[in-house]
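My entries follow in the order in which I looked.

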2 protein chains.
Amino acid sequence: MQTLSKNQQIIFDLIDKSPEPMKAYAILFNVQKKGIKAPLQVYRALDKLVEIGKIHKIESRNAFIACQNSSCQVSKATAFSICEICEKVTEISSSSLSKYLTNFKDKDGMKYSKYNLEFFGLCKKCR
Amino acid sequence: MQTLSKNQQIIFDLIDKSPEPMKAYAILFNVQKKGIKAPLQVYRALDKLVEIGKIHKIESRNAFIACQNSSCQVSKATAFSICEICEKVTEISSSSLSKYLTNFKDKDGMKYSKYNLEFFGLCKKCR
DNA sequence: TTACATAGTGTTATATTATAACAATTAAAA
DNA sequence: TTTTAATTGTTATAATATAACACTATGTAA
């Protein structure tokens, strides 16, 4: 567990409290009162937080969500479910899924160091 | 098999010939000599081509690749391998993988209508 | 403690990716 | 044929992300 810098902490706290994935400029808007004024300050913190696994980027949405797994060792093996109506995003933690994908080898026998999986469908509420 | 409109055909042909995923503005640059002048014309064709499964979007790269499966019924179940050095992208067609993911149910028993999986690693050449 | 490296910050400017809104045209279906 | 849906063309602008540079803080090792 690494200590976060000032900007990283501010931005992580915000994302962590958010019930939904946050976009970079929404983050910027929210932290301006705390002195973070420029997009680059946000993107730098986001990059680092992603790198150390505290947050994940939902690629299909260009948005960021706090890691739900208390021990964030899964930053290299991420899976999410995304509701196509309400846009609710949930991190999937299924050991059988992660085991299957981590061990997946393609035709050429290539094994991968990292993956990101995004499932789409309708959540309970929206069905 | 649906017939493509003029712009859709021009843009599909370009992507289909490309050995690597193409970004929207690279596509725009390449088709300007054929009379497609504006980003929107490109994005509209891309949207349609994605919708009908002729191309896929590589979300982590904001780039587009022609579908490699002759019958493009897998637009709702896509998997790619991405080399983190040379950026080579390959569409994975593994029936066991697609079977596993198509049938995957999360904790709440939720089944998904669609997924996109991106594996990252080093390709043969770059290892 | 000093020096040195590494990581983080602040700032301006700009690049890249994508969509809104509106008018005109073409293709397909009733 | 008429009318409906899909596509096109165009201008403007929104949203997402990075380059480049100067400066500051922090950690580490002599």
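How many nonpolar, polar and charged residues does the surface near DNA strand D have? I counted five nonpolar, five polar and seven charged residues there. The classes take Ala, Val, Leu, Ile, Met, Phe, Trp, Tyr, Cys and Pro as nonpolar, Asp, Glu, Lys and Arg as charged, and the others, Gly among them, as polar.

**Ground rules**

I note that this is a predicted model, in which local features need pLDDT of at least 70 and side-chain atom pairs count only at pLDDT 80 or more, while totals for chains, interfaces and linings use all residues. Residues are numbered from 1 along each chain as its sequence is written, chains are lettered from A and ligands numbered from 1 in the order in which they are written, and side-chain values use heavy atoms, with hydrogens and water left out.

**Entry: DNA strand D**

I found 17 residues around DNA strand D, and K23(A), L40(A), K57(A), Q41(B) and R44(B) come nearest. A residue is near a strand here if one of its heavy atoms lies within 4 Å of it. Of the atoms of DNA strand D within 4 Å of the protein, 45% belong to sugar or phosphate, and the rest belong to bases.

I then asked which elements supply this surface. α3 of chain A and both α1 (6-17) and α3 of chain B each supply at least two residues. α3(B) gives the most, with four residues. Helices are DSSP runs of H or I with at least four residues, strands are runs of E with at least two, and both are numbered from the N terminus.

- An N or O atom in the side chain of Q41(B) is 2.6 Å from a phosphate oxygen.
- An N or O atom in the side chain of K57(A) is 2.7 Å from a phosphate oxygen.
- A polar backbone atom of N7(B) is 3.0 Å from a phosphate oxygen.

**Entry: DNA strand C**

I repeated the search for DNA strand C. It is surrounded by 17 residues, and the closest are Q41(A), R44(A), K23(B), L40(B) and K57(B). Sugar or phosphate accounts for 46% of the atoms of DNA strand C within 4 Å of the protein, and bases for the rest. By class, the surface has five nonpolar, five polar and seven charged residues.

α1 (6-17) and α3 of chain A, with α3 (39-51) of chain B, each supply at least two residues. α3(A) gives the most, with four.

Which part of DNA strand C does a polar side-chain atom of R44(A) lie 2.4 Å from? I found a base nitrogen at that distance. Y25(B) also has a polar side-chain atom 2.8 Å from a base nitrogen. For K6(A), a polar side-chain atom lies 3.4 Å from a phosphate oxygen.

I turned to helix packing. Two packed helices are described by the angle between their axes and the distance between the axes. Axes are lines fitted to C-alpha atoms, for helices over the stretch in contact, and angles run from 0 to 180 degrees between N-to-C directions.

α2 (residues 24-31) and α3 (residues 39-51) of chain A pack at about 115°, with axes 9 Å apart. That makes α2(A) roughly perpendicular to α3(A); angles under 35 degrees count as roughly parallel, over 145 as roughly antiparallel, 65 to 115 as roughly perpendicular and the rest as oblique. The contact (heavy atoms within 4.5 Å) joins A24(A), Y25(A), I27(A), L28(A) and V31(A) of α2(A) to P39(A), V42(A), Y43(A) and L46(A) of α3(A). I counted nine nonpolar, no polar and no charged residues in it.

**Entry: α1 and α3 of chain B**

N7(B), Q8(B), I11(B), F12(B) and I15(B) in α1(B) meet Q41(B), V42(B), A45(B), L46(B), K48(B) and L49(B) in α3(B). These residues divide into seven nonpolar, three polar and one charged.

Definitions and conventions. Polar contact = N/O pair within 3.5 Å; in protein donor to acceptor, adjacent residues only side chain to side chain.
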